[in-house]
Amino acid sequence: MRIRARTMAAALVALVVGGAFGVNAVTASAAAPTGPVRAAAVAAPADYCPSQCSDILPPGENGSATLAQILWFKATGGRPANTDDQLGKYASLVDGYTGLTDANLGSFFNSSAFGVPAGQVSSTLKPGGRSDVTIVRDTQGIPHITGSTRSGAEYGAGYAAGQDRLWMMDVFRHVGRGQLSGFAGGAAGNRQLEQQFYLNGAYTEADLQAQIDRVKNNGARGARAYQDMTDYLAGLNRYIADVKAGADFPGEYDLTGNANILTGDGIQPFQATDLVAIGSVIGALFGAGGGNQVASALVKEAAEAKYGVTQGDQVWQAFREENDPEADLTLHAGQSFPFNGSPANATGVALPDPGSVTPQQIVFDPTGSATGSSSATANTAVQSVLPANLFNQKRGMSNALVVSGQYTDTGNPVAVFGPQTGYFAPQLLMLEEIQAPGISARGAAFAGLNFYVELGRGADYSWSATSAGQDIIDTFAVQLCNTDGSPATKNSNAYLYNGVCTPMQQIERDDSWSPTVADSTPAGSYKLIAFRTAFGIVQARATIGGKPVAYTSLRSTYLHEVDTVIGFQMFNDPSVITGPAGFQQAASNITYTFNWFYVDSQHTAYYNSGLNPTRPANDDPNLPITADAAHQWLNWDPSTNTVADTPFAAHPNSIDQDYYESWNNKIAAGYTVSGFGDGSIYRSNLLNTRIKNLITGGQKVTRASLTRAMEDAAVTDLRGETVLPELLQVIGTPSDPAQAQAVTELRTWLTDGAKRKETSAGSKKYADSDAIRIMDAWWPLLVKAEFQPGMGDALYSAMTGALSIDDSPYGGSEAGVSHKGSSFQSGWYSYVDKDIRTILGKPVQGGLTRAWCGGGDPAQCRQVLLTTLSAAAATPATTVYPADSVCSAGDQWCADSIQQHPLGGITDAESNWQNRPTFQQVVQYPAHRTS
């Protein structure tokens, strides 16, 4: 064990002492020296929304605990202050939203007004003894950082980040370097996670530094951003020095053997390249779209093998739904933004020989516990520090509801919006307010990147984002060769580049781990090697026409993770954001793929960001492309992976549309979606329907009514509301008693709104629970029975590889993700809808080329649905909802429940399922700055 016996002895002493003196009441921020608690309010800058702007971010601001506090929690359940004090408000909206009014919004959200009112100041601190910055924490532990100089404010932001998220930031800088297992432990999930990420963003240290240098030299704003980061790091590193001196650093360092329990030695200071590593992880999770061209190619090939080239291509295009005419559009006022569609006569398409695709090997030279399991499947009993499938499972990301003032109670626009970043303890995001020359903002930011507020509000405006996911990642097929002239194989590590056999660059990480208190995985080691070409990092090997190739992934933002900082800097600058035009200017400087929304007292606005490369006109972005001069991006410099963005006006944008809604759905007509399944039914339909009902219902929209609309969608089963009525129409009234009973239960659930909601607050039992069980069991059975017979095994398998059939709250074996909250983002909902409407003889735009259910025969389709319904009705809850680490088998409410996935030693209770942003704002500005 790396933690010596004296470590455990000291920990036990801490536990005893902590028990005697109530350590559970000590906040992590109290670890550093603080000034006296102030009794008076702290002066705040001008605030044009002192009472009508709110937000919430569970579980709590405090994301740090000493070893004594962790042990005290394990023994008594007592948590450090501000660890979960926002979770109750957030979770209770499920039960309280139907009675929501503007007056009681404060029961479910916190005020996001600037400053700290009298009586709510819990501590003050001048970090590092600096006179030019003060950190005031309110009763929720949120830091309000005021700097008389910009340098002081950024220093304070770094210090506050260390106070609230030091351990988590350290985890993410190691993930970003492919070094998680050596830091947090060799658990199977840790290894799986670092392996997945390494193929997304492997960098050398020189690569990381080059990105910092590029921003530093990018004009006045770039130089300012570099200085802001430098000051931020100085504050963060001062915090590390302070807690090491006080021996009250996060206890996870002790438990993982990364710090001496007495001195804190082992905790490394942060440097600028660490921020790039953290940013690369966040960008890969939330700000990139595309890269699925091989999966798309496998569907196309399987369809052509089944139906022939002409009809097979039509089937592939139908299921691809790249520009489905029935898709819900965020920009719905008739705008069109053509981008990335498949050309009529594509050239350079590089389809693999059937059965030839194999994943790129990434693990080499394993030893000890790493042997025999290159995919890190061994020792699964030890929990990973982050979800093992964080990068390979599509995750729900964010929604927005924004209504123009013409439809609201006061004539001022209303917005309810926020990002869905998953649920963790502590949260990936942290709350903060920064006031300094050139910065005036309050809101949320990813820890380690919080030198600016990334989502939140200024004095008289708010902004937020949802993941857009347009295609900025292409897959290229590079022809393999050997530099010695010998015949190439799939294992060759050189490729033809401009006619020259060129060695791939091998970017290597050497990882090793030993058992610790936190992770008992036996000692082991391996090398992670990413193979980089001018066309990106190798993801797979294959043959084309018998010739070996490597499929590479080229992301436009690769080697440019930091460029996006300019846009965030501008969001925080009140001299830039004076209205919609300034907001759109700032958003256009964000290189990651996001939908940005804006609201002030008079206007609403939208802008789609992302570094969109320009492809040759005959390239098909939906399929792998041959890597040669004729098919590379236009105006692209492969030495730095620098490519020009498409023009400002080519990005979807809008000002003062009647309303905006987004739940990661299709943005605008002609703006091609990067994945399968965005067609007639998408989860954004739940929002669109409710907003339309509000603005046409005869009553003015209020903050409360728009929040009610959001939350009503958040507890609704998408399959139940949109597809179940059509399925029941085909079924009619069964003669079989068991089938008739199941149909009756489903119809009752539908009448009740197809909700997944408790019978009463705290009951932990759903109303219509048996109908929900039937729906959960029925959906995968009916989808397979509806489509597999016509598709055949090969095509059906390729399609499920490209798009999972469901994304239900409880996860299920097919989805592989549970307790995640966000649901129904990806699934075969549109396919079932279009097919069943075809069976019913209803109009369908963008059909699936044929009727699939029952071979197109309505009677046979009815029998398919009844047979699968019978099987579902007979499936016990213990099978539908198997036991897991937090739930017993058959516990339906628990299976759906949201888990704040622990990133450290403090855990939180599960809460009600709701399909809702993690951080959320509710805002309505009554006034605006004068010109």
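The side chains of Gln86 and Asn110 make a polar contact at 3.0 Å, a polar contact being a pair of N or O atoms within 3.5 Å in which, within protein, one must be able to donate a hydrogen and the other to accept it, and residues adjacent in sequence count only if both atoms are side-chain atoms. The model is predicted, so local features need pLDDT of at least 70 and side-chain atom pairs count only at pLDDT 80 or more, while totals for chains, interfaces and linings use all residues. Residues are numbered from 1 along each chain as its sequence is written, and side-chain values use heavy atoms, with hydrogens and water left out.

- Gln86 sits in the loop between helix 2 (67–76) and helix 3 (87–96); helices (H or I, at least four residues) and strands (E, at least two) are DSSP runs, numbered from the N terminus.
- Gln86 has a relative accessible area of 1% and is buried, where buried means under 20% relative accessible area, exposed over 50% and partly exposed in between (1.4 Å probe, protein chains only).
- Neighbours within four places in sequence aside, the contacts of Gln86 include Ile56, Glu61, Asn110, Ile142 and Leu431; contact means heavy atoms within 4.5 Å.

- Six strands form an open sheet in the order 2-1-33-11-10-30, and the pairing is antiparallel; two strands pair if DSSP finds at least two bridges between them.
- Strand 2 (110–111) and strand 30 (659–662) are at the edges with a single partner strand each, so one side of each has no neighbour in the sheet.
- Strand 11 (residues 414–418) and strand 33 (residues 920–923) run antiparallel and are joined by three bridges.
- In this pair of strands, Ala415 is opposite Val923 of strand 33.
- Helix 15 (residues 684–695) lies across strand 10 (399–403) and strand 30, at about 160° to strand 30; axes are lines fitted to C-alpha atoms, for helices over the stretch in contact, and angles run from 0 to 180 degrees between N-to-C directions.
- Helix 16 (residues 703–714) lies across strand 10, strand 11 and strand 33, and runs at about 35° to strand 11.

- An open sheet of 10 strands has the order 3-4-5-13-14-15-16-24-25-29, with mixed pairing.
- Its edge strands, strand 3 (121–125) and strand 29 (653–655), each pair on one side only.
- On average, neighbouring strands of this sheet are turned by 20° against each other, direction ignored.
- Strand 5 (residues 143–147) runs parallel to strand 13 (residues 429–436), with three bridges between them.
- Ile145 is placed opposite Ile434 of strand 13.
- Helix 4 (residues 150–175) packs on the sheet and touches strand 3, strand 4 (133–138), strand 5, strand 13 and strand 14 (439–446), with its direction at about 160° to that of strand 13.
- Helix 14 (residues 580–587) lies across strand 16 (462–467), strand 24 (594–599), strand 25 (604–609) and strand 29, at about 15° to strand 25.

- Eight of the eight residues of strand 13 are buried, so the strand is largely enclosed by the rest of the structure.
- Leu429, Leu431, Glu433 and Gln435 point one way from strand 13, while Met430, Glu432, Ile434 and Ala436 point the other way.
- Strand 13 pairs with strand 14 in the antiparallel sense over eight bridges, and Gln435 stands opposite Ser440 of strand 14.
- The hairpin of these strands has two residues between them, and its Gly438 takes a positive phi near 85°.

**Disulfides**

- The structure holds four disulfides, a disulfide being a pair of cysteine sulfur atoms within 2.5 Å.
- With the bonded cysteines numbered in sequence order, the pairing is 1-2, 3-4, 5-6, 7-8.
- One of the disulfides joins Cys481 to Cys501, S to S 2.1 Å; this link is right-handed, with 105° about the S-S bond.
- The pair connects distant parts of the chain, 20 residues apart, with Cys481 in strand 17 (residues 471–481) and Cys501 in strand 19 (residues 500–503).
- Cys481 is buried at 10% relative accessible area, whereas Cys501 is partly exposed at 23%.
- Cys853 and Cys861 are joined with an S to S distance of 2.1 Å, the link is right-handed with 90° about the S-S bond, and both cysteines are buried.
- Cys887 and Cys894 are joined at S to S 2.0 Å; the torsion about their S-S bond is about -85°, so this disulfide is left-handed.
- Cys887 counts as buried at 7% relative accessibility, and Cys894 is buried with a relative accessible area of 7%.
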